Amino acid sequence: MSRKTYRSDDVCFLLRPDDVMAGIETVGAWLDAKHMARSVMKTLFQEKLVLLNGKKTNPKESVELNDELRLQMPKEKIDHDPVPMELVILYEDEDLLILDKPVGITVNSKGQVSLANGVAQYFKDNGIKRKVRFLNRLDRDTSGCIVIAKSALAQSFYQQQIEDQRFEKWYATVVQGVLLDTNIVDLPMKRGEDGIHYEVREDGKPTRTVYNGTGVFEEVEGVQLGDASGNQPSNVTDGQFGDVVATSYREVSADELATMTEADKAKLVSTVDIRLYTGKTHQIRVAMAHLGHPLVGDALYGNERAGRTYELRARRVVFTSLRTGQIVTVSAD
């Protein structure tokens, strides 16, 4: 049922001269131009939560310059048990909550406490009466940007951007060997016969991964970083990808690389920026292993390291705001 009171999470649009010039004449055409999913809008119309100038309306209603279209979000029951949890919030607006997911916790797993339970507690504490809707998934040992939609409308709007490959998802990782080029990798992937691994197979679903090598390093075991004054060598780095990093790195120069044998190069590691255009499970891990550069410490795909796991961080997301139409960039540095 339509609400007599307005709330901050109502979505409001004004019909502007540009809209009129674009030929928008009805509520339905207006919503299509705003990329509102018809399936979700059908529900809002049925529940009388679409208002034109404060009155309930329908898709065929005519619109004029300076009309106001208001979409009211229905209340929902939170669909996970709330569990108190420290959350690192990177970004929040009326439609999205973006967190910095830590290593070691699942996004949404049955029978165990997961990030979804912490989000449910946050929703409860802040009066957000909605289901928890994740727009992306990160493995237990992957950290960084995790995106939660606060409504079915927001979920459908941003999911369409993901499907259209306009919602950018950027990652940083460390791979085995020397990898300095930039490349687009199109591979078909499918779950393997063991039900755990994913594989590159002709009968798999298409995936697209873009990588850019950013540096080559030598792993330095047991190096003493810094002295009593807190100084450290400029060519040694530590903790670049989160708390899981147990090894320090010394950057290898181009001149050094030129004198190395292939066997020596194979012992080095490379830092890589990656953009996912598709979102297949284990996509980055499978793609890099297929190229002969598995993620360092990824035991599942051929690079086991005692006491270590792979380093993969969702560094950045870029999207177009539902309400403003502006480009938004959120980073987890």
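A: In this predicted model, the largest pocket has a volume of about 450 Å³. Its lining comprises 22 residues, and those closest to the centre of the pocket are Arg137, Leu276, Gly279, Lys280 and Thr281. Sorted by class, the lining contains 8 nonpolar, 8 polar and 6 charged residues. Three elements, α5, β9 (168-176) and α8 (283-290), each contribute at least two lining residues. The largest share, 3 residues, is that of α8.

The buried residues are Gln283, Ile284, Arg285, Val286, Ala287 and Met288. Their packing partners are the strands β9, β10, β11 (198-200), β12 (205-220), β15 (269-276) and β16 (312-320). Just after α8 comes glycine 292, with a positive phi of about 90°.

With 3.6 residues a turn, residues of an α-helix that lie three or four places apart point the same way. In α5 the buried residues are Leu153, Ala154, Ser156, Phe157, Tyr158, Gln161 and Ile162. Glutamine 165, which follows α5, has a positive phi near 60°.

β9 runs antiparallel to β15, and 8 bridges join the two. Within this pairing, tyrosine 171 has isoleucine 274 of β15 as its bridge partner. Strand β15 also pairs with β12, again in the antiparallel sense and over 8 bridges. Here glycine 213 stands opposite valine 272 of β15. Of the 8 residues of β15, 7 are buried, so this strand is largely enclosed by the rest of the structure. Both β12 and β15 are among the strands against which the buried residues of α8 pack. Leu276, one of the residues closest to the centre of the pocket, falls within the range of β15, 269-276.

Aspartate 181 is found in the loop between β9 and β10 (182-191). Because its relative accessibility is 38%, aspartate 181 counts as partly exposed. Beyond its neighbours within four places in sequence, aspartate 181 is in contact with Tyr211, Asn212 and Gly213. Of these, tyrosine 211 is 30 residues from aspartate 181 in sequence, while the C-alpha atoms of the two are 8.0 Å apart in space. Gly213 is also the residue that stands opposite valine 272 in β15.

Elsewhere in the chain, 4 strands form an open sheet in the order β1-β4-β2-β3, with antiparallel pairing. The edge strands of that sheet are β1 (11-14) and β3 (55-56), each of which pairs on one side only. Strands β2 (residues 50-52) and β4 (residues 68-71) are joined by 3 bridges and run antiparallel. Leucine 51 stands opposite arginine 70 of β4.

Notes. Residues are numbered from 1 along each chain as its sequence is written. This is a predicted model: local features need pLDDT of at least 70, side-chain atom pairs count only at pLDDT 80 or more; totals for chains, interfaces and linings use all residues. Side-chain values use heavy atoms; hydrogens and water are left out. Two strands pair if DSSP finds at least two bridges between them. Buried means under 20% relative accessible area, exposed over 50%, partly exposed in between (1.4 Å probe, protein chains only). On a 1 Å grid over the protein atoms alone, a cavity is a set of points where a 1.4 Å probe fits but cannot get out, and a pocket is an open set with protein on both sides within 12 Å along at least five of seven lines; lining residues have an atom within 4 Å of a point. Grid points are joined across faces, edges and corners, and a volume is the space filled by probe spheres set on the points. Ala, Val, Leu, Ile, Met, Phe, Trp, Tyr, Cys and Pro count as nonpolar, Asp, Glu, Lys and Arg as charged, and the others, Gly among them, as polar. Contact means heavy atoms within 4.5 Å.
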